[in-house]
Amino acid sequence: MGSEVYQAQILRAFFDTITGTDRNLTRIYMCVISLAKLRMESPERLRFLVEQMQVSKTKRELSIDILDYMVEAANSLESWAGQSAFGITSPQKADDFGGVSLDSL
């Protein structure tokens, strides 16, 4: 149960990094590998992710496979874990938090 909160925090750090001004590839790499380890991914999957990070480094562009993996991981988490990673603790705030994405569209 606690693992999902850690995963959500790592996902938050990842998306903060890729959308921020300092798109440090080392931070992105650490987020991806940390998340994969928390999710207990197979060695083959880890190897694939590392290869994709190397491709990203040479092309100086983040691989779509890395983005797909991180979005897939975010989608698999319970909503309470994501809310906890963003500091949402009360049900009233959770309703407001859930409405942000829908209202902003």
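This is a predicted model: local features need pLDDT of at least 70, side-chain atom pairs count only at pLDDT 80 or more; totals for chains, interfaces and linings use all residues.
Setting aside its neighbours within four places in sequence, Ile 66 is in contact with Phe 14, Val 32, Leu 49, Gln 52 and Met 53. Ile 66 is also one of the residues with the most contacts inside the largest nonpolar core, alongside Phe 14, Val 32, Leu 35 and Met 70. That core has 19 residues, and the elements giving two or more residues to it are α1 (2-19), α2, α3 and α4. The biggest share comes from α2, which gives six residues.

Now zoom out for a moment. Of its 105 residues, 30% count as buried. Take the contacts with a separation of 6 or more: residues 24 or more positions apart account for 64% of them.

Back to the helix that carries Ile 66. α4 has 13 residues, and at 1.5 Å a residue they should span 18 Å; the end C-alpha atoms are 18 Å apart, so expectation and model agree. Its buried residues are Ile 66, Tyr 69, Met 70 and Ala 73. These cover an arc of only 95° around the axis, which puts them on the same side of α4. Turn to the face of α4 directed away from its buried side, and you find the exposed residues Ile 64 and Asn 75.

What caps the N-terminal end of α4? Ser 63 does, with a side-chain oxygen 3.1 Å from the backbone nitrogen of Asp 65. Ser 63 sits in the loop between α3 (43-59) and α4 (64-76), yet it counts as buried because its relative accessibility is 8%, and the cut-off is under 20%. The side chain of Ser 63 also makes a polar contact with the side chain of Gln 52, at 2.6 Å. Leaving out residues up to four places away in sequence, Ser 63 touches Gln 52 and Ser 56. Gln 52 has already come up, as one of the contacts of Ile 66.

Next, α2. Its 14 residues (25-38) should span 20 Å at 1.5 Å a residue, and the end C-alpha atoms are 20 Å apart, so this helix agrees with expectation too. The buried residues here are Ile 28, Cys 31, Val 32, Ile 33, Leu 35 and Ala 36. At the start of α2, a side-chain oxygen of Asn 24 reaches to within 2.8 Å of the backbone nitrogen of Thr 26.

Arg 27 also belongs to α2. With a relative accessibility of 42%, Arg 27 counts as partly exposed. Its contacts, leaving aside neighbours within four places in sequence, are Thr 17 and Asp 22. Arg 27 and Phe 14 are 13 residues apart in sequence, and their C-alpha atoms are 7.6 Å apart in space.

That brings us to Phe 14 itself. At 0% relative accessibility, Phe 14 counts as buried, whereas Phe 15 is partly exposed, with a relative accessible area of 29%. The structure holds one aromatic pair. The rings of Phe 14 and Phe 15 have their centres 5.0 Å apart and their planes at 80°, so the pair is edge-to-face.

Finally, a look at the backbone. Most residues other than glycine have a negative phi. Which way does phi go at Met 40, positive or negative? Met 40 has a positive phi of about 55° although it is not a glycine. Met 40 follows α2 and lies in the loop between α2 and α3. With a relative accessible area of 72%, Met 40 is exposed. Arg 60 is another such case: its phi is near 55°, a positive value in a residue other than glycine. Arg 60 lies in the loop between α3 and α4, and at 78% relative accessibility it counts as exposed. Ser 63 lies in that loop between α3 and α4 as well, but Ser 63 counts as buried.

Terms used. Residues are numbered from 1 along each chain as its sequence is written. Side-chain values use heavy atoms; hydrogens and water are left out. Helices (H or I, at least four residues) and strands (E, at least two) are DSSP runs, numbered from the N terminus. The expected span of a helix is 1.5 Å times one less than its number of residues. Buried means under 20% relative accessible area, exposed over 50%, partly exposed in between (1.4 Å probe, protein chains only). A polar contact is a pair of N or O atoms within 3.5 Å; within protein, one must be able to donate a hydrogen and the other to accept it, and residues adjacent in sequence count only if both atoms are side-chain atoms. Contact means heavy atoms within 4.5 Å. A nonpolar core is a set of buried Ala, Val, Leu, Ile, Met, Phe, Trp, Tyr and Cys residues joined through side-chain atoms within 4.5 Å. Rings of Phe, Tyr and Trp (its six-membered ring) pair if their centres lie within 6.5 Å; planes under 30 degrees apart count as stacked, over 60 as edge-to-face and the rest as tilted. The arc is that of the directions from the helix axis to the C-beta atoms.
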